[in-house]
Amino acid sequence: MTDAATNMRLKLPIICFILQIILIILFGVLVEYDHDTDAKKWHNESHSENDNEFYYRYPSFQDVHVMIFIGFGFLMTFLQRYGFSSVGFNFLIAAFSLQWATLMQGFFHGMHGGKIHIGVESMINADFCTGAVLISFGAVLGKTSPVQLLVMAIFEVTLFAVNEFVLLTALGAKDAGGSMTIHTFGAYFGLMVTRVLYRPNLNKSQHRNSSVYHSDLFAMIGTIYLWMFWPSFNSAITAHGDDQHRTAMNTYYSLAACTLATYGMSAVTAHDGKLDMVHIQNAALAGGVAAGTAGEMMLTPYGSMIVGVLAGIISVLGYKYLSPILEDKLKIQDTCGIHNLHGMPGVLGAIVGAVTAAVASTDVYGKGMADVFPDVANGDIEASYQGVRQAISLAVTLGMALGGGLVVGFILKLPVFGAPPDTICFEDSIYWEVPGEEEDHGEQLTAVHAAEAEKLNN
Amino acid sequence: MTDAATNMRLKLPIICFILQIILIILFGVLVEYDHDTDAKKWHNESHSENDNEFYYRYPSFQDVHVMIFIGFGFLMTFLQRYGFSSVGFNFLIAAFSLQWATLMQGFFHGMHGGKIHIGVESMINADFCTGAVLISFGAVLGKTSPVQLLVMAIFEVTLFAVNEFVLLTALGAKDAGGSMTIHTFGAYFGLMVTRVLYRPNLNKSQHRNSSVYHSDLFAMIGTIYLWMFWPSFNSAITAHGDDQHRTAMNTYYSLAACTLATYGMSAVTAHDGKLDMVHIQNAALAGGVAAGTAGEMMLTPYGSMIVGVLAGIISVLGYKYLSPILEDKLKIQDTCGIHNLHGMPGVLGAIVGAVTAAVASTDVYGKGMADVFPDVANGDIEASYQGVRQAISLAVTLGMALGGGLVVGFILKLPVFGAPPDTICFEDSIYWEVPGEEEDHGEQLTAVHAAEAEKLNN
Amino acid sequence: MTDAATNMRLKLPIICFILQIILIILFGVLVEYDHDTDAKKWHNESHSENDNEFYYRYPSFQDVHVMIFIGFGFLMTFLQRYGFSSVGFNFLIAAFSLQWATLMQGFFHGMHGGKIHIGVESMINADFCTGAVLISFGAVLGKTSPVQLLVMAIFEVTLFAVNEFVLLTALGAKDAGGSMTIHTFGAYFGLMVTRVLYRPNLNKSQHRNSSVYHSDLFAMIGTIYLWMFWPSFNSAITAHGDDQHRTAMNTYYSLAACTLATYGMSAVTAHDGKLDMVHIQNAALAGGVAAGTAGEMMLTPYGSMIVGVLAGIISVLGYKYLSPILEDKLKIQDTCGIHNLHGMPGVLGAIVGAVTAAVASTDVYGKGMADVFPDVANGDIEASYQGVRQAISLAVTLGMALGGGLVVGFILKLPVFGAPPDTICFEDSIYWEVPGEEEDHGEQLTAVHAAEAEKLNN
């Protein structure tokens, strides 16, 4: 089933080892332990051990880590013959991206005497950046080789860091949970890549582009983990104290409300009043995406719930009505429907963030304003201008993502990366040694066959 | 396979959206951030950031959250054709219940100037209340529509909050891990509901009321997560410091001892000396249930182990001998055997709690008495009277659960909620769009078929 | 399928209950709450609640717990017909081992007035010791009865505690993540046991000693959880502050680098340039094993990455080339390839630890030296001598493991423990009641059969 072009015997080892060697050299030259991870620096001053950043953020980091590796990985196992690749390529590109992101984000977030300082916060940020790459992976799932995915990751991580720098540092926007930097960026980047990689004859693999009973259950493992730990995701790098606490809670209510809206919308739109697993697996998560920017703000619990309901509604409607149009009219083949889970809810989250920022007041935030909107707190700008910053950030993100995706799409089209042919998409066996089905089935079939043959011979 | 009565196209969206809109309105009117989540209130005073309740309880909250959504959800996937509904309806009713519980518990736990204050502790409590609903779900699994389940949740959450208020506030009982409030209540409520919903012709669906190889493995995901995180569950809302620490450890030893007892009892009672997955999946958890009340007390490690062993023994015996009797004689069709996992071990836990409380002394607790039994510590009552309180609380819980289950059972019998017919219970396809099995099987079968047909034609 | 010898009706209950009763008695006599879990002791002094060890270590403990029960349990479900036993026996022997380890480690770690004091740190240590037993389980997977496994655990836990005492206390070695105490010990112990239990006719069960599509996906759940939480494993009992923080980060980078190396090596060595699930499931974890000793030291991020790359390379090469040789020449039937995942990477980790310790200097560690190498910090020894200690510790561990495995292997050969016959290895149904496959398959087969029969009759 493999021809020379898709054979990975040389291509994959070469790119893996070259990338890893480059990473090791750059880490050797550029990267140092930060104040909280370095034995000497930490012990140079006296402080309480529980002031180490580790205790504020490591549990959240591990929740984010689960979302990246189990959440994204298993969410994509819904395809009947692509479970190894979904979990396995997710694992590979995440393991690369988090190393590369440490360098790129470290470079843009500010060097310390020519060195990048790392600790738990940089680990979380690297996982976040990886999340954007995995979102884009969802659009091209089943249609790309692991080499293509690594090449995509190299460029996407780099551009992510640039965009993040522009938004958070240059423009002074707030986006703790990444409605813009992660979801909007990852989604529109991936959509543009898959547009450029358009396959007119993908219908030849269409029979494999669907789920089976057990693959849908594996995918639910991914869904539920993403859903449960999204409060940790959005709050992982917000300020200590009330900020982390509030962000987690806002996200929790947004997701709960989104789930009810998703079930309602799925039943009303789906065939024969039955629930559609695609909606449950994906749209129920849109509430987390949409609370990514405003989650740390004083969004209020009921505000969070309204955001969640809106996100669930537009996400289900997107799966039902918009995705077929995007594929037919705009030639965007979006395997996982990332436009519905990350794209539109990400834009919604950005807008909600802009509005919530614009109406911020000291009456509501008190001295806590300094954590959430420091420029407003110290009088540099009005809250309404913070809203403008947020809106500009959305526009910048959309432009960066679409432009970057366009260029990277064409790079991935180069016929040297071992992309699968149209007839063997959504199929593990092109890149993996795949075992047979359970012997029992085979035995039973053989038994049936033998019994019939015997009868025929008589 | 769906007839008009079970069609969810209108019923499910209507109840989902009405409930969610009511929730949003009530949250808008009644709910506020508490001191630790509100930007203004938190920053009004000076304190160390790591005194925020978030850092004491959020990791435990996430463990509890995993138990509710992965633990309960996957534990119920053991049925061969009910995996979508097990995980999916668990997801739906939990997402609703946690919102509704925030309001009901907030109302009874004490309003602040007409407002309900929320933070991580209320999130944990809401998840706890949700747990009781999911226990009841286990009794009616496979025999109820999602609309019935939501209606059940509305009433059960409300009554849970009343019962919890009576026990913890009015009676002054202690029940940190909810042997009474969660397990006993959820179990007997659910058992009474399933009694009222008795289906004399359920045997028509009996061939689907069993597991297959892979469905049992999915269920083990649920089992293991519940088992691992039960120490977090029981300790999630106990007092800071030694109390959380001790409760987690007591539960850990109770569960470990329960597991050995379960394996021993399973082999001795099961057919041909072989282990029964039903026992392993369920009875091994009974040690967590039974340590729910006394876990925070000075139960001692070996005391915890004795409790765990007893819980494992009665749970396996219940599955083996009592469940068939309950079904045949009392017409209680208990799909998951919640009486064995939550009912009897919950009652055991309540009794252990009453005895442990009655023998509490300052010799053992020192100044720590104030955390565990404040009324004993400040001299209002004797320890023995605390034991009486605990025993009364068990009786109250049983009465509330059975009475409430009776009423709610009759409400759920109303023929408007789309319950499945007797012939299509334990079957996903009545409420879900279900994909086929793997194409390979089909292909193989088709190939066999074609080969035989060819031979026949010759 | 069961004959009298493998029947567990009496053997398993007897050993389970005898062991549990002994445990309860010994716990009753010997075990007490420690300072941080005892109500009286904790409240005897004034301190901040968040100084309780619980808040420093409980989140890490839960991550370790997930690795032990989900990670090891599901990693071993890759076999097509051994999922119940993989998860289920893992569960049983872990539940026993953690109790027994509490006693054995407590005895060697220092009694307090004749009592063993327990808290979250002893819980972590007990889980660690359990990990070693589960590693050995991997070597004999599919070829042992649950009674044999419990007997093995009794002896292995005991010897583990002796070896750990010799290394950490008598020799003063450092091994926070257990490259030596856990991985090297568990691996070589298990390899020697499986050598003694050599089955010349195991090929009679060879058709079941392989994976199927879904079993490989279940195994990936185990792999990913082990991979994600390994940073918590290695850092769980290091000193507070920078030490826990640094250890987690070093492990994170070692694993990420190891993953790229594993994918590269798998493609270059495997058949036809395709990736091999065995490599991905196992070798990608070797980076965590190899960072077990040096992870807490100032290994530097790029040093960690080099260690990870080396571990991944030797692990894949081991699976590809060394395992067949071990089986053919040395008669070591290593079901899970623990020599490749734990054995060689464990030795590598020990060597890396010795070298890193030998070059430690106050220039690099500052006052933090006291946390990592207390004897070097207070001037008792030179850093180079610490390196020697580490090297001696490796030799001691190898000797203890091989000697202990030899003895225990012969004990397990006693024909009273119900070991499976050569023809029924790697098969759940010998110890478990196993349900059939999905009825639909049966129905389809029956339908095919019926259709053909009808035609034949015409």
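Visitor: What makes up the area buried between chain C and chain A?
Guide: In this predicted model, about 7400 Å² is buried between chain C and chain A, and carbon and sulfur atoms give 68% of that area. The figure is called buried area because it is the accessible area, found with a 1.4 Å probe, that two parts lose on being put together, summed over both.

Visitor: How many residues of chain C and of chain A take part in the contact?
Guide: Chain C brings 87 residues and chain A brings 88 residues, where contact means heavy atoms within 4.5 Å.

Visitor: How many residue pairs across the interface of chain C and chain A are in polar contact?
Guide: The rule finds 33 such residue pairs, with both residues at pLDDT 80 or more. A polar contact is a pair of N or O atoms within 3.5 Å; within protein, one must be able to donate a hydrogen and the other to accept it, and residues adjacent in sequence count only if both atoms are side-chain atoms.

Visitor: Which elements of chain C give two or more residues to the side that touches chain A?
Guide: Among them are α3 (53–75), α8 (213–235), α9 (242–269) and α12 (301–329) of chain C, each a DSSP run (H or I, at least four residues) numbered from the N terminus.

Visitor: Why is the relation of chain A to chain B that of a three-fold axis?
Guide: Chain A is superposed on chain B by a rotation of 120° with 0.0 Å of shift along its axis, at RMSD 0.0 Å, and that is the relation of a three-fold axis.

Visitor: Why do the copies meet through different surfaces?
Guide: Only 20% of the interface residues of chain A are also interface residues in chain B, so the surfaces differ.

Visitor: What is the mean pLDDT of chain A?
Guide: The mean is 94, on a scale from 0 to 100, yet over residues 438–458 of chain A the pLDDT is below 50.

Definitions and conventions: Residues are numbered from 1 along each chain as its sequence is written. Chains are lettered from A and ligands numbered from 1 in the order in which they are written. This is a predicted model: local features need pLDDT of at least 70, side-chain atom pairs count only at pLDDT 80 or more; totals for chains, interfaces and linings use all residues. Side-chain values use heavy atoms; hydrogens and water are left out. Copies are superposed by least squares on the C-alpha atoms of residues with pLDDT of at least 70 in both. pLDDT is the predictor's confidence in each residue, from 0 to 100.
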